[in-house]
Each structure stands twice: as structure tokens, then as C-alpha cells.
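Please open the model in your viewer and keep the selection tool at hand. The tour goes from stop to stop, saying at each one what to select and what is to be found there.

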Amino acid sequence: MTQRLILGTAQIGMAYGIANRTGQPSAHKAREIVKTAWEEGITKFDTAQEYGESERLLGESLDVLGVANEAKITTKLSPTIDLLDKAKVRQAVKKSLHKLKVSQIFCLMLHREQQLDLLDKGLASCLRDLKDAGLIENIGISVYSPTIALRAIQSETINILQVPTNILDQRFEKAGVFQAAREKGKTIHIRSVFLQGLILMEARDLPQYMAFAAPVIQKFEALGVKYEMTRTAMALTYIKLRYPECDVIFGAESPAQVRENCRIWNSFAPGHFVKDALGMFSDVEERILNPTLWD
């Protein structure tokens, strides 16, 4: 049942998320998080060159388990690299391979949606060369807007997209992104299922600069009371049922969180819960949905 889950590892490489209260975990805890995920049947992992120590810790953890080359790892090119310099891109990929202790990256992603424009300027050729050399298996892009997602789906170079979608956020579905991906045979990885931790917070605990999100979070809490579901259960269950063809990225700050998320994922939930959520959160303002607009 956990085959669709991807462990996001930003949390093990740095302090990440508005609800993070523990900071970056120790190297030992990071290894335990990865080990627990593998034991729960999760074989897919998401990282990035700019996630602090994430690549190195993920690689070491999988290597200790003896499963590094069985894992499917997605990583993202640092946005500081000159992506039109083939030598620098190749060097960056080899550095990631070394840190991850693998011979091939399952999916190499562009980390910024604006980089889609570079494909026609030579980047596509560079990425195809890496693919032909066997250093990467798939080429993807992480996007923030439905418009760019729809453009990326039309690209012959891109075959995996990472998009933010959660129980509060219907923008990509309404724009036809998921339908277009199905028609083009493209794969979507859903990220931000907890909206960087905002969904997991109680309204009363929101920082002052996020007070504008309180009414929506209170509605979310009310939905939980109605269905007797935790915030985490609502967030994961909604995505699981609404987008059955998509893989889903989640992060965790402890092994216990990994186990709990997997337990929730494997649990039964009423289908009419999704219908209620769709109606309740059909028009959430982008200021809440887009973390770049929070400060």
C-alpha cells in the first residue's frame, strides 16, 4: 500500500517547515528515519542539492542498509548552477551521485519552474546526454504554478512533474493539470501535502504574521471534528483518494512520524469525506496556498 509514498528528505538535511519545533535531526535520527521508511515499504526518496546535508545523509543511510541501488531517488539541481554550461551540470550530477552513493539517479529535476525556458537554449540536449550516459533515468521539473505545469507537460524532455497540492489547494486540478498529465502519459509527484506544516498547526498556534490563515485552519479543524480524523489523517487521506494515479511526497522529523503516516495511508477512510473537503475549500486564497507570499 505504501508504494505510492515518497519520503521527502528536506527535513533530515536542514530545519524545514513552519510547524518544525525540533530543528534538523541528528545524523543518527536521520538514518533511523530513512531506515523506518524502507522497513515500511517506501522505496522512493526525494531530495535536492540545496537541502543542506540531505543528499549525503540519505546516501549514507541507504548505503548502510545495503539498498542504495534499489532505491528510486529524485534530486534537484541547485538553482545556482549555470544550467547552460554542460560541464558544470555534469559535474553537479556526478557530485550528487557520489553523495547519494548510487550509479544512477531515478529522476533529475529542475528546481525552479523558470528554468523550463532554458530547455530550448541547450539544457534539454545536456539532460538527454546525461540520460543517454545512464547517469539519470528520468527528467523532471518542480513547479509552483498551474500555467508552468501545463507548459511542462507539453515538453518532450520532461516526463515527471512535482506539483504542490493538498486538501486546501485545488488550483492545479481546476486548471486541468492532472487531466493533461494523464493524456500525455506524464507522471505527477504531489508535494506540499501538509503545506509546509501549516495544515498540521492549530489556529491558536499560528504565528502573528500568519493570522490571516486562521479562518481556513478553523474550518479544517471543524472538518476533523465532524469525521473524527486528525489533521495528518485528513491531509493524507484526501490526496490518496483524490489523486490515485499520483505518487505522494511527505516529510517526517522522526521515525514515529514515518510509521504514523504509513499507518494512516493504509487505513480506510469514508469516500464522502473528500466530497465535503472539495466543497469546503473550493476557493482558498492564494496568499494561504503559496508559502512565498507568507511574509
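This is a predicted model: local features need pLDDT of at least 70, side-chain atom pairs count only at pLDDT 80 or more; totals for chains, interfaces and linings use all residues.

Residues are numbered from 1 along each chain as its sequence is written, and side-chain values use heavy atoms, with hydrogens and water left out.

**The barrel**

Begin by showing the strands, where a strand is a DSSP run of E with at least two residues and a helix is a DSSP run of H or I with at least four residues, both numbered from the N terminus. Eight strands form a closed barrel in the order β1-β2-β3-β4-β5-β6-β7-β8, and their pairing is parallel; two strands count as paired if DSSP finds at least two bridges between them. From one strand to the next, the twist averages 30°.

Now select strand β6 (residues 160-164) together with strand β7 (residues 187-191), a parallel pair joined by five bridges. Within this pair, V163 stands opposite I190 of β7.

Move on to strand β8 (residues 247-251), where five of the five residues are buried, so the strand is largely enclosed by the rest of the structure. Buried means under 20% relative accessible area, exposed means over 50%, and partly exposed lies in between, for a 1.4 Å probe and protein chains only. Which residues cover the two faces of β8? D247, I249 and G251 lie on one side and V248 and F250 on the other, and all of them are buried.

Select I73, which is found in strand β3 (residues 72-77) and counts as buried at 2% relative accessibility. Leaving aside neighbours within four places in sequence, I73 is in contact (heavy atoms within 4.5 Å) with residues including F45, L58, L62, L100 and F106.

**Helices α4 and α5**

Next, colour helix α4 (residues 86-100) and helix α5, whose axes come within 10 Å and cross at roughly 40°. That makes α4 oblique to α5, since angles under 35 degrees count as roughly parallel, over 145 as roughly antiparallel, 65 to 115 as roughly perpendicular and the rest as oblique. The axes are lines fitted to C-alpha atoms, for helices over the stretch in contact, and the angles run from 0 to 180 degrees between N-to-C directions.

To see where these helices touch, show the side chains of K86, V89, R90 and V93 in α4, which meet S125, C126, D129 and L130 in α5. The residues of this contact between α4 and α5 divide into four nonpolar, one polar and three charged; Ala, Val, Leu, Ile, Met, Phe, Trp, Tyr, Cys and Pro count as nonpolar, Asp, Glu, Lys and Arg as charged, and the others, Gly among them, as polar.

Stay with helix α4 and select K99, which has its place there. Is K99 buried, partly exposed or exposed? With a relative accessible area of 30%, K99 is partly exposed. Although K99 and E55 are 44 residues apart in sequence, their C-alpha atoms are 5.9 Å apart in space, and the contacts of K99 beyond four places in sequence are E55, R56, G59 and E60.

Turn to α9 (214-227) and helix α12 (residues 272-280), which pack at an angle of about 160° with their axes 11 Å apart. That makes α9 roughly antiparallel to α12. In this contact, K219, L223, K226 and Y227 of α9 meet H272, F273, D276, A277 and M280 of α12, and the residues divide into five nonpolar, one polar and three charged.

For the last stops, select S192 in the loop between β7 and α9, where phi is near 65°, a positive value in a residue other than glycine. Then select E228 in the loop between α9 and α10 (231-242), which has a positive phi near 55° and is exposed, with a relative accessible area of 76%.
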